[in-house]
Amino acid sequence: MSAIGAVFSHCREAKRAAFIPYLTGGDPDLETSAELLEALAAGGADIIEVGVPFSDPIADGPINQRAAVRALEAGATLPGILEMIARIRARVDTPMVLFSYFNPLLAHGLQTVAEQAAISGVDGILCVDLPPDEDDGGFRDFCRSAGVDSIYLLAPTSTPERVKLVAAASSGFVYYVSRTGVTGVQKDLSRELQREVKKIRRRIDLPLAVGFGISSPEQVAAVGKVADGVVVGSALVRVVEENRGRSDLPELLAAEVERLAAPLLRSRRR
Amino acid sequence: MRKKSDQRAGYFGPYGGRFVPETLMAPLGELARTYDQVSRQRKFQRRLKDLLRDYAGRPTPLYFADRLSSTLGGVRIFLKREDLLHTGAHKINNAIGQALLAEHMGKGRIIAETGAGQHGVATATAAALLGQSCTVYMGEEDMRRQRLNVDRMRLLGAEVVQVDAGSRTLKDAINEALRDWVTNVRTTHYVLGSVLGPDPYPRMVRDFQRVIGQETRRQLRKQTGQDWPHLAVACVGGGSNSIGLFSAFLEEPRTRLIGVEAGGIGEELGEHAARFRGGRTGVLHGTRTMVLQDRHGQIATTHSVSAGLDYPAIGPEHALLHEQGRVEYTAVTDAEAVEAFHLLAATEGILPALESAHAIAEAVKHACHLSSKKVVVINLSGRGDKDVESVLEYDANKSGSKRDEAKASRHPAETWKNVVWGGDR
């Protein structure tokens with residue numbers, strides 16, 4: 001079983017959903033970013049998602065767009081981010097997932113990316129604009145050979161056929177996009193979300209994590225009741241944005257992770 | 001060796017595909033199915049044809065540019081007058097087609113990106129015509145340099161949303177339009193304006209623009225007795241006006257086809273938008289094609305005096321046509337394009353769009369090598385009203401820096417004669 005799989009089975013035993021925070025790698029710079037990823041682990045992350053900044057992030061809202069701009073301006077690259085992950089691997093054993101757009105992966109060569117990711121201690125790769133239909137078996141196979149999980153997404157618009165296709169292609173877990181839309185924070189989750197998540201969980205064997213727009217402990221609690229994992233991204237990226245330059249940013253971030261993840265530790269599922 | 005993907009729908013050899021977030025996968029499948037079905041229905045075809053004829057003004061003339069031809073040494077140059085269409089460019093062919101499709105799918109809201117503003121105006125027009133609500137995304141830089149078109153879109157009832165991200169041009173407008181579409185895909189149709197983006201857009205937009213080449217063929221037969229030109233030239237941003245013209249002649253080996261990219265102000269990354277000079281295979285906006293990018297896969301910024309060509313990727317079918325060697329791709333600089341703008345104004349009384357001026361500049365380079373019996377077709381894809389300010393601004397800057405050059409006072413056609421016959425090539 002992969003490290004990611006082990007986390008979900010551990011959480012399942014503990015009768016709770018996994019907490020999966022996201023930060024853009026290299027935001028505001030690589031050195032700080034390394035400290036922030038460690039802070040996510042210290043705050044209680046079960047799995048950490050690290051975004052690879054891209055110049056044209058069509059699936060991201062304004063908060064993550066600005067983070068990508070900051071990271072790129074500070075010189076972040078995919079090799080730089082992998083190096084950073086390798087560096088903190090000595091101190092952090094929380095599984096890590098790369099969240100990327102396809103072009104930066106393509107530019108470095110898909111086999112190279114899969115192998116280098118594995119060597120750096122990356123446990124899974126999620127490519128937001130690479131549906132399994134377009135993979136041609138290439139990238140997925142490289143990842144499998146390297147021992148890296150391939151995580152694909154499902155969305156509210158996914159047909160039953162696509163649910164089947166995505167589940168068959170994925171390993172580690174499946175990522176369900178909570179709404180039609182881009183990443184960001186939102187006040188209210190859709191009313192159908194819980195029903196939709198339950199429906200999809202019945203159809204797939206892999207754990208199902210839910211993300212996009214989840215930004216408060218209440219929302220984490222609500223999603224945690226039905227999903228195997230809860231992803232919080234923009235809400236944490238915003239903490240970085242608003243407090244960058246402060247020396248206690250890692251502590252602030254760890255406290256925010258603790259606050260957001262708390263409902264999962266309290267409320268045990270049936 | 002052919003790869004499996006070569007046979008797949010939505011691909012042009014290794015180029016094309018649907019590289020989009022999962023949210024758009026099922027809607028794109030539905031769009032492709034609807035398009036394949038509806039576009040074959042006679043009722044849809046008739047309605048489109050009627051609107052293109054009675055509303056948009058098709059067929060557009062194929063005009064023999066006599067004075068331009070003799071200025072350039074006698075080769076027979078024909079201009080396909082897409083600039084005479086309602087709204088002023090070929091973009092209306094596609095906008096009406098897709099707006100009808102949106103109506104068929106029961107989507108009452110359409111959105112679009114625009115660079116030069118011509119596709120935005122065409123989409124706003126089609127929306128008004130069919131009673132749809134319309135939002136157009138446009139980069140801040142483009143809103144500045146194509147202000148006339150911003151006002152036109154607003155007067156037509158469209159909401160124009162300024163995009164401040166990235167290079168603030170076409171690429172960023174497409175990003176924002178895609179984000180809108182991901183969010184509102186259930187109620188909204190995205191009228192993409194070029195042969196770009198995920199399948200079915202590249203083939204759908206091409207099909208709506210095929211009419212340019214089909215008409216040209218008929219008109220050539222009537223006007224010259226031969227239904228093919230020796231040379232056909234068109235500018236290539238995403239590549240919709242060029243594919244519209246070229247598609248009629250791809251199987252005609254005697255026709256040389258040249259697509260003209262924006263050479264901008266230099267050869268360095270960021271100074272031009274010539275994807276076949278320095279671009280490499282990548283994925284942008286849902287399609288695998290030639291993309292200007294850095295070595296880490298970050299998309300490069302581009303430059304062109306013409307907003308409509310100022311884009312870092314090219315339509316996937318063009319990538320294949322380039323690979324096959326069927327179409328040649330060249331680049332024309334800002335300076336050459338502006339000079340061609342003046343040339344056409346002076347010799348024919350036509351202000352071309354700066355995009356189309358790139359095609360004219362390229363044709364000029366070939367004219368002197370061709371005998372007077374040869375037929376050249378230039379796609380005059382749009383009119384230049386929108387570019388009047390840009391050209392004046394460009395000339396003011398130029399004459400400021402090159403005040404001493406006698407060249408500036410000469411009649412533009414004279415300048416060209418010297419360029420063409422001056423023995424420097």
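Visitor: Is Phe173(A) buried or exposed?
Guide: Phe173(A) has 0% relative accessibility and so counts as buried (under 20% relative accessible area; exposed is over 50% and partly exposed lies in between, with a 1.4 Å probe and protein chains only). The model is predicted, so local features need pLDDT of at least 70 and side-chain atom pairs count only at pLDDT 80 or more, while totals for chains, interfaces and linings use all residues. Residues are numbered from 1 along each chain as its sequence is written, chains are lettered from A and ligands numbered from 1 in the order in which they are written, and side-chain values use heavy atoms, with hydrogens and water left out.

Visitor: How many aromatic pairs does the structure hold?
Guide: Over all chains there are 12 aromatic pairs. Rings of Phe, Tyr and Trp (its six-membered ring) pair if their centres lie within 6.5 Å; planes under 30 degrees apart are stacked, over 60 edge-to-face, and the rest tilted. Phe8(A) and Phe173(A) form a tilted pair, because their ring centres are 5.4 Å apart and their planes stand at 50°.

Visitor: Which parts of chain A does that pair tie together?
Guide: Phe8(A) is in helix 1 (residues 3-13) of chain A and Phe173(A) in the loop between helix 8 (160-169) and strand 7 of chain A, so the pair ties together parts 165 residues apart in sequence. Helices (H or I, at least four residues) and strands (E, at least two) are DSSP runs, numbered from the N terminus. Phe8(A) is buried too, with a relative accessible area of 4%.

Visitor: And what about chain B: how are Tyr35(B) and Phe208(B) arranged?
Guide: They form an edge-to-face aromatic pair, 5.8 Å centre to centre with 70° between the planes. Tyr35(B) belongs to helix 1 (residues 22-38) of chain B and Phe208(B) to helix 9 of chain B, 173 residues apart. Phe208(B) is buried at 6% relative accessibility, and Tyr35(B) is buried with a relative accessible area of 4%.

Visitor: Which residues of helix 4 of chain B does helix 9 of chain B meet?
Guide: Lys91(B), Asn93(B), Asn94(B), Gly97(B), Gln98(B) and Leu101(B) in helix 4 of chain B meet residues of helix 9 of chain B that include Met204(B) and Phe208(B); contact means heavy atoms within 4.5 Å.

Visitor: New topic. What is the strand order of the open sheet in chain A?
Guide: The nine strands stand in the order 5-4-3-2-1-9-8-7-6, with parallel pairing. Strand 5 (149-151) and strand 6 (153-154) of chain A are the edges, each pairing on one side only. Two strands pair if DSSP finds at least two bridges between them. Strand 6 of chain A runs parallel to strand 7 (residues 174-177) of chain A and is joined to strand 7 by two bridges; Leu154(A) has Tyr176(A) as its bridge partner in strand 7.

Visitor: Last one: where is Gly282(B) placed?
Guide: Gly282(B) sits in strand 11 (residues 280-284) of chain B and is buried at 0% relative accessibility. Strand 11 of chain B pairs with strand 12 (residues 287-291) of chain B in the antiparallel sense, over five bridges, and Thr289(B) is the bridge partner of Gly282(B) in strand 12. The two strands form a hairpin with two residues between them, and His285(B) in the turn has a positive phi of about 50°.

Visitor: What does Gly282(B) touch in chain A?
Guide: Leaving aside neighbours within four places in sequence, the contacts of Gly282(B) include Asn103(A) and Leu106(A).
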